Amino acid sequence: MSGAPKLPAPSAAARKALGPYARGRLVEKALGQTLSLDVPWDVFASQAIDEGTLLLLQQLPDEEPASVLDLGCGYGALGLPVAMKWPRSRCTPILV
């Protein structure tokens, strides 16, 4: 989302201690839900949910599916709101 405030970078001590596992907190709204996501600092869209993901979320069908498969789910910016929207669906994340 453009205009979203930038999160502060992890401290030098955190980066040294945690390396690629240094994380930030990202709070966003998606599908009418507020998501608080624990995001690795060095991944795509760590500062805000990207516009492509938000567009996909806006285009979901109205009817609840029996199951949802999320491939390459990253930190959950797409899969988590979908699972919240359709709690009776079987949602399977696959990390690739």
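The structure holds one salt bridge, a term that stands for a side-chain nitrogen of Lys or Arg within 4 Å of a carboxyl oxygen of Asp or Glu. The bridge is formed by Arg88 and Glu64, whose closest N and O atoms are 3.0 Å apart. Arg88 lies in the loop between α3 (79–85) and β4 (90–94) and Glu64 in the loop between α2 (51–58) and β3, so the pair ties together parts that are 24 residues apart in sequence. Helices (H or I, at least four residues) and strands (E, at least two) are DSSP runs, numbered from the N terminus.

The model is predicted, with local features requiring pLDDT of at least 70 and side-chain atom pairs counted only at pLDDT 80 or more, whereas totals for chains, interfaces and linings use all residues. Residues are numbered from 1 along each chain as its sequence is written, and side-chain values use heavy atoms, leaving out hydrogens and water.

Buried means under 20% relative accessible area, exposed over 50%, and partly exposed in between, with a 1.4 Å probe and protein chains only.

| Residue | Relative accessible area | Class |
|---|---|---|
| Arg88 | 73% | exposed |
| Leu69 | 55% | exposed |
| Leu31 | 33% | partly exposed |
| Glu64 | 25% | partly exposed |

The largest nonpolar core has 13 residues, of which Leu26, Leu35, Leu37, Val39, Ile49, Leu57 and Tyr75 touch the most other members. β1, β2 and α2 each give two or more residues to this core, and the largest share, three residues, comes from β2. A core here is a set of buried Ala, Val, Leu, Ile, Met, Phe, Trp, Tyr and Cys residues joined through side-chain atoms within 4.5 Å.

Glu28, in strand β1 (residues 23–30), is buried yet has no salt bridge, and the nearest side chain of opposite charge, Lys29, is 9.8 Å away; Lys and Arg count as positive and Asp and Glu as negative, with His and the chain ends not counted. A polar atom of the Glu28 side chain does lie 3.4 Å from the backbone nitrogen of Ile49.

Leu31, in the loop between β1 and β2 (33–40), has a positive phi of about 55 degrees although it is not a glycine.

Notes: Polar contact = N/O pair within 3.5 Å; in protein donor to acceptor, adjacent residues only side chain to side chain.
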